[in-house]
Amino acid sequence: MMNILLKQLQILHEQELYSNILKVFHCDFTDEIRISNCCFGPIEIKKCDLALSIGEQKLDTYTLPTKLQVTLYYADALYHTQQYLQAENLYRQGLQIRKNILSKVKNSNKIAEVQNEIASDVDIKFKIHMCCIALKQKSAAVEILQMVSARLRTPKINMALGNIYKDVGMERSAITCFKEVLRECPLALEAVDNLLKLGIKGVEVNSLMVEVSSEISWLNSWIKAQAQMHSRDFVNAIKTYKSMDTHGLLKDNTSLLVNMAYCYHYLCNEQKAISILQKAIRLDPFLSIGRDLLSTLLAASGTKDHIKALESLTPVMDMSMWTSEQWVVLGNYMYALKKYDKAAYFGQQACLLDRKNVEGLLLKANTLYQIKKYQDAVSHCSEALQICNYRYDIHKCLVDCYIQTNRLREAESMALNACKQLNFSAHGYCLHASVLLKDPMASSKTVRRTLEKAVSLDKTGSTDALHMLVEFLEGEQQYEQASQLLLKHISTQKPSSRLHQMLGDCFVNLQKDDEAFHHYTVALKLDPANQRANEGLNNIGRSLSLSKRDSYYTCVAGETSYISQGTNSSDHEVDPESDTDPWPANGDIESFE
């Protein structure tokens, strides 16, 4: 009878009919057994394994190898039906049975033969580790894997150990494990990516996989691009990715496109990042990696078109199947609709599933900022920066929180750190300048020097550095210098209604009415809804008082904008329906983005 039972259990196991295996084992035995070696400590569980119970009642019914196999069948069935705690207990029982089998082998020559006939202890320990990971018990998982001697560790053991070591900050041990994986499996690209993230040079990584890199045409370029991205050389990483996005290599590969989009995002080129991520989603509508970043960028933009695109990204499957990325998408959609309580809840759900999801942490930080819980927002920003410290949007949120709580010293310290982490880019200097402009103790020389650095680095006009510097010079009544600066940039950058309007303002103050008239006219041609240019045109020949100018300009975190009821390619879209502030009265016009 036992032989027939074992054979049928084997067939069920091979066909992956795990619920049927559980049905075979199910019974109403009320005996209870105590198990004290699981990762949760001593617990009481009911003995519901029918076949094993028969074996215990008749000791000669099962041999130990048979009992081991039956135990592992049952444990596998429990694991695959997500009953991880019970599965872990039975795997540990199986490990003990295996030790008993080997201890009864008196002839040392037969030990190797017996080991080949029964389940490997390495496989059993790996399955225990998987149960512990599912139960979020990383310390127990790493403990059981470390029990496998180094010479017996298979690639999957080393890969699992490397991932845990990386998560807990044991970088040197993680590097050793990932290198061992590559020595046996040269095409293990996740191990390659992890080594590059941990700072290993691309040349060294490539030397571990020469066997395959010389045969696969795109692999060397892929390693080069990944190495450039993880070393923060984003400009060259983009060039390398583009060289692979061709027919015959990796044309329209979604993984490549997502990595390229992340590089553009790290360079603060949000429109390009959005465009590439949307292309990746079109190629693979079920793509999850990068979907959360796309939702973050669309929500931050806040335009009607982007909110509509964000709505199309929201998940439609059953909520129980949602991943961390899908919770972030829905949270960002709620954030864009200014439903901040719901956005915070969805962000929390994302973080519960994946504590290291940067988009989830940033979503919570932005939401807490909007509801004026600045200290909580600071906490989430700090946690996000520990995971990815070279993202401008996280630094900006953190600095804004300190500004709102009037902690200008901390704000300046964080802004200086942002400059360093962002490789002293234009956005970094612009963020620092926004803090200095709020600080009454900051010297005008420091403010001007910081803004001039930002302007000199911003070759494409992607920041507000030029507008901030011009406004600063106007505040110092240095209109001639402001006009010369604007003329220089107008001749080298794409024409902008805003720049021509600001130049017209400078010429009005310099009493050069003909030049002012020309630039106001150009500004209105570029954007007929530029109200400031229209008013300036009507005021030609009359000096604008300082109070009149202040009614048109305002500086929020170092950003200045003009009133416009329309948009063009170089200006932000104004959406009065999505603005939380009351619409200003006719005599109290404020500028906003």
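Residues 254–287 are 79% helix and 0% strand, with the end C-alpha atoms 8 Å apart. Residues 497–530 are likewise 79% helix and 0% strand, and their end C-alpha atoms lie 7 Å apart. An unreviewed UniProt entry lists both ranges as "repeat: TPR". UniProt positions follow the numbering used here, feature names are shortened, and annotations may be inferred rather than shown by experiment.

The model is predicted: local features need pLDDT of at least 70, side-chain atom pairs count only at pLDDT 80 or more, and totals for chains, interfaces and linings use all residues. Residues are numbered from 1 along each chain as its sequence is written, and side-chain values use heavy atoms, leaving out hydrogens and water.

The protein comprises 33 helices and two strands. These are DSSP runs numbered from the N terminus (helices, H or I, at least four residues; strands, E, at least two). Of its 593 residues, 48% are buried (under 20% relative accessible area, 1.4 Å probe, protein chains only). The accessible surface is about 30,300 Å² (Shrake-Rupley, 1.4 Å probe). Carbon and sulfur atoms supply 50% of that surface.

The largest nonpolar core holds 139 residues. Such a core is a set of buried Ala, Val, Leu, Ile, Met, Phe, Trp, Tyr and Cys residues joined through side-chain atoms within 4.5 Å. Tyr91, Leu145, Val192, Val205, Tyr241 and Leu310 touch the most other members. A second, separate core has 31 residues, including Leu436, Leu485, Ile490 and Leu503.

Beyond its neighbours within four places in sequence, Tyr241 contacts Ala225, Gln226, Met229, Leu256, Asn259, Met260 and Cys263 (heavy atoms within 4.5 Å). Among contacts between residues at least 6 apart in sequence, 53% join residues at least 24 apart.

How values were computed
Buried means under 20% relative accessible area, exposed over 50%, partly exposed in between (1.4 Å probe, protein chains only).
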